[in-house]
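Below is a short briefing on one structure, arranged by topic. Look over the sequence and the model before reading on.

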Amino acid sequence: MRSDTTTTGVTTAPPARFDTKIAVLLRNDLAPWQRLNVTAFLVSGLGTELPEVVGEPYADADGTPYLPMFRQPVLVFEAAKETMTAAHGRALSRDLPRAVFTSDLFATGNDHDNRAAVRAVPRADLDLVGLAVYGPRNAVDKVLKGARMHP
């Protein structure tokens, strides 16, 4: 495997190609602050349930420890409401690990109320504004059919 040394002296390996994909799908009518908030909430669930997506802890040159992060990139996409609904159905039919964020969660302020807001609505009626999925690359690509990379 080839490696390069950057101007900072850090040796880097060529980009890895993962067999899996972490993806976030956002509804395209969200405000910028909502996009960031939804993305942060959605990906927080993946690392807690799927330890294989999390890498090793970090440390700087002084030995200061930092928390581990995902071991692979998180790709962010956007789509209209109809595409979001279809993607949710495809994620369910493929039984992929997923997290959802509904429009109702913008009106709540804590985890308990968030879970209650989702539980109060039947699956077919969820007003989805965000969806995170993880799984084999080709399966996630099929879930995201019709979405485009977030600008």
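What is the volume of the largest pocket? The model is predicted, and in it the largest pocket has a volume of about 690 Å³. Closest to the centre of this pocket, out of 23 lining residues, are Arg 98, Ala 99, Val 100, Arg 115 and Val 118.

**Lining of the largest pocket**
- At least two lining residues come from each of helix 1 (32-49), helix 2 (81-93), strand 7 (98-102) and helix 3 (111-119).
- Helix 1 contributes the most, with seven residues.
- By type, the lining holds 12 nonpolar, five polar and six charged residues.

**Helix 1**
- The 18 residues of helix 1 should span 26 Å at 1.5 Å a residue, and this agrees with the 27 Å between its end C-alpha atoms.
- Gln 34, Arg 35, Val 38, Thr 39, Leu 42, Val 43 and Leu 46 are the buried residues of helix 1.
- Viewed down the helix axis, these buried residues fall within an arc of 140°, so they line one face of helix 1.
- Trp 33, Leu 36 and Thr 48 are exposed on the other side of helix 1.
- The buried residues pack against strand 3 (20-27), strand 6 (74-79), strand 7 and strand 8.

**Val 133**
- Val 133 is part of strand 8 (residues 128-136).
- Val 133 counts as buried because its relative accessibility is 1%.
- Between Val 133 and Leu 46 there are 8.1 Å from C-alpha to C-alpha, although they are 87 residues apart in sequence.
- Beyond its neighbours within four places in sequence, Val 133 has contacts that include Ile 22, Ala 91, Arg 98 and Val 143.

Note on methods
Residues numbered from 1 in each chain as written. Predicted model: local features only at pLDDT ≥ 70, side-chain atom pairs only at ≥ 80, totals over all residues. Heavy atoms only, no water. Helix = DSSP H or I, 4+ residues; strand = E, 2+ residues; numbered from the N terminus. Buried < 20%, exposed > 50% of the residue type's maximum accessible area, 1.4 Å probe, protein only. Contact = heavy atoms within 4.5 Å. 1 Å grid on protein atoms, 1.4 Å probe; cavity = no way out; pocket = protein on both sides within 12 Å on 5 of 7 lines; lining within 4 Å. Points joined across faces, edges and corners; volume = space filled by probe spheres on them. Nonpolar A, V, L, I, M, F, W, Y, C, P; charged D, E, K, R; others polar. Expected span 1.5 Å × (residues − 1). Arc of directions from axis to C-beta.
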